[in-house]
Amino acid sequence: AYDYSDIEQEALDAGVTAFISKPIFKSELISVLKNPKTVRKKTDEILHSHYEGKHILLAEDNDLNAEIAIELLKEKGMIIDRTKDGIECIDALIKQKPHTYVCILMDIQMPHMDGYEAAKSIRSLKDPSFSSIPIIAMTANAFEEDKQMAMQAGMNDYVPKPMDMKILNPILQKYL
């Protein structure tokens, strides 16, 4: 009986096959029972259209991790620019027009400037259209202290690597 759009993708990712809103009509119930995959397909199409054309800055020094992230995000219709360290990330951000990027996916351990320092530098930029961009930490170190360090550095959220769209989707939806 409620609007479930905010939890629909999370529920589908967890294994829910379909949603039926109340009041339940016999024709709708029969349709969903006969072909629940069409419900899943419609949800995936909605999510794809939500991500379509969104521009993300990916800061990742590892080529394999970057390739995986880029492919997963491109499948959702996003445009990805990749940098290999924190210095390149900051340069790429400020060279674009404000609000070009909707968020930054920031690896923590990178050469020249790590993700923590890059996030702190971005947060100290004078232009709020750059300094307020959502920054999502990415790291293989998935301990609570790592998450706290990311938040203290000015990052908005945290995802463990390897990238899992079931975890990343709800986080991206908060910021896009």
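Which residues does Met155 touch, not counting residues up to four places away in sequence? In this predicted model, local features need pLDDT of at least 70 and side-chain atom pairs count only at pLDDT 80 or more, while totals for chains, interfaces and linings use all residues. Residues are numbered from 1 along each chain as its sequence is written, and side-chain values use heavy atoms, with hydrogens and water left out.

With residues up to four places away in sequence set aside, Met155 touches Met106, Ile108, Gly115, Tyr116, Ala119, Ile135, Ala137 and Ala150, a contact being heavy atoms within 4.5 Å. Met155 is also, together with Leu93, Ile104, Met106, Ile122 and Ile135, among the residues that touch the most other members of the largest nonpolar core, which has 24 residues. At least two residues of this core come from each of strand S1 (55-59), helix H5 (86-95), strand S3 (103-107), helix H6 (115-123) and strand S4 (135-139). Another core, of 20 residues, lies apart from it and includes Leu58, Ala69, Cys103 and Met163. A nonpolar core is here a set of buried Ala, Val, Leu, Ile, Met, Phe, Trp, Tyr and Cys residues joined through side-chain atoms within 4.5 Å, where buried means under 20% relative accessible area, exposed over 50% and partly exposed in between (1.4 Å probe, protein chains only).

The protein chain has 9 helices and 5 strands, both being DSSP runs numbered from the N terminus, with helices (H or I) of at least four residues and strands (E) of at least two. Of its 176 residues, 40% count as buried, and residues 24 or more positions apart account for 60% of the contacts with a separation of 6 or more. The chain exposes about 10100 Å², of which carbon and sulfur atoms supply 54%, as given by the Shrake-Rupley method with a 1.4 Å probe.

Within strand S1 lies Ile56, which counts as buried because its relative accessibility is 0%. Apart from neighbours within four places in sequence, Ile56 is in contact with Met78, Ile79, Ile80, Asp81, Tyr101, Val102, Cys103, Leu105 and Leu172; the C-alpha atoms of Ile56 and Val102 are separated by 5.9 Å, although the two residues are 46 residues apart along the chain.

Asn169, in helix H9 (residues 165-175), is likewise buried, with a relative accessible area of 2%. The side chains of Asn169 and Tyr51 are joined by a polar contact of 2.9 Å, that is, a pair of N or O atoms within 3.5 Å of which, within protein, one must be able to donate a hydrogen and the other to accept it, residues adjacent in sequence counting only if both atoms are side-chain atoms.
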